[in-house]
Amino acid sequence: MGDAVISVLLVDGHDVVRVGVRSVLLAEPNIEVVGEARTAAEARPLIATLRPDVLILDAHLPDSSGVALCREALAMTTDIRCMILATDADDQVMSQAIMAGAAGYVLKQIEASSLVSGVRLVASGHTLFDPEAAAKVVHNVEERRRMHEVVAELTPQQRRILVLLAEGISNRQIAERLVLAEKTVKNHITGLLAKLGVSHRTQAALMASQLLEDGVVPRPASPADDTRPARGSGPKPPLPRGPAPSRVQGRSR
């Protein structure tokens with residue numbers, strides 16, 4: 001971007017943070033703060049009309065999240081560069097920011113000089129993420145994509161067992177839930193672990209929890225909702241009529 005003036009829009013629910021960031025940026029000759037907003041609702045019309053070069057967003061806004069607003073802003077104009085300003089290094093929020101197309105993720109404890117250089121960096125088309133944290137996020141994204149592909153190859157029965165593993169129940173309980181032999185469940189789990197590339201059911205349970213969160217596999221019905229009769233259940237035959245047998249006291253010989 002060279003020496004061209006960089007226009008910045010600040011969106012943060014905390015007045016003190018906005019005042020601090022604004023004072024730091026206004027001290028720079030080639031950075032202009034063109035607007036401020038406390039909420040996503042206030043920011044949307046400003047984004048549409050001002051079209052800033054850089055959008056500095058609080059990770060947690062009073063009525064939305066910085067990541068969600070970043071996604072909205074990029075839908076309005078792909079030229080905007082979003083920088084998420086967070087109170088702590090949250091891997092999940094950073095992952096969401098990367099997936100939403102944010103150009104940077106910095107902490108509010110950042111030094112003034114680093115904030116200025118960060119704004120210039122993202123405005124010039126670069127990204128600003130902690131390398132180690134970003135590598136971890138990318139790995140998590142790739143691992144999640146791999147899990148989705150593996151689940152698509154599972155049999156319906158293996159999918160049912162996988163989501164039940166997330167509940168932490170035993171093979172016997174899974175067998176009762178699915179009306180299967182316990183040995184059959186054990187064989188299914190062995191094949192399931194091999195397909196998932198893990199060696200312990202605890203790892204499979206963690207993967208299942210993530211897949212449930214992603215909506216890749218449906219959540220299992222609760223036992224109370226399961227209307228199928230359990231093995232051995234059903235109407236009992238009527239007792240034979242007649243006098244009840246007498247109770248014999250004493251020791252039998």
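Begin with the strands: five of them form an open sheet, in the order β2-β1-β3-β4-β5, with parallel pairing. Select 31-37 and 104-107 to pick out the edges, β2 and β5, each of which pairs on one side only. Now look along the sheet: its twist averages 25° from one strand to the next. One thing to keep in mind as you click around is that this is a predicted model.

**Stop 1: β1**

Select residues 6-11, which make up β1. Are they buried or exposed? Six of the six residues in β1 are buried.

β1 and β2 pair in parallel over six bridges. To see the two strands side by side, click leucine 10, which stands opposite glutamate 36 in β2.

**Stop 2: α2 and β3**

Now show residues 40-50, helix α2. This helix lies across β1, β2 and β3, and runs at about 145° to β2.

From there, move on to β3 (54-58) and β4 (81-86), parallel strands joined by five bridges.

**Stop 3: aspartate 12**

Go back to the end of β1 and step into the loop between β1 (6-11) and α1 (15-26), where aspartate 12 sits. Aspartate 12 counts as buried because its relative accessibility is 3%, against a cut-off of under 20%.

What does the side chain of aspartate 12 make a polar contact with? The partner is the side chain of lysine 108, at 3.3 Å. Display the surroundings too: leaving out neighbours within four places in sequence, aspartate 12 is in contact with Val17, Arg18, Ala37, Arg38, Asp58, Leu61, Leu85 and Lys108.

**Stop 4: α3 against α4**

Last stop: select 66-76 for α3 and 91-100 for α4. Their axes come within 9 Å and cross at roughly 5°, which means α3 is roughly parallel to α4.

Show side chains here as well. On the α3 side, look for Val67, Cys70, Arg71 and Leu74, which meet Val93, Gln96, Ala97 and Ala100 of α4. Colour this contact by residue type and you get six nonpolar residues, one polar and one charged.

Definitions and conventions:
Residues numbered from 1 in each chain as written. Predicted model: local features only at pLDDT ≥ 70, side-chain atom pairs only at ≥ 80, totals over all residues. Heavy atoms only, no water. Helix = DSSP H or I, 4+ residues; strand = E, 2+ residues; numbered from the N terminus. Buried < 20%, exposed > 50% of the residue type's maximum accessible area, 1.4 Å probe, protein only. Polar contact = N/O pair within 3.5 Å; in protein donor to acceptor, adjacent residues only side chain to side chain. Contact = heavy atoms within 4.5 Å. Axes fitted to C-alpha atoms, helices over the stretch in contact; angles between N-to-C directions. Parallel < 35°, antiparallel > 145°, perpendicular 65-115°, else oblique. Nonpolar A, V, L, I, M, F, W, Y, C, P; charged D, E, K, R; others polar. Pairing = 2+ DSSP bridges.
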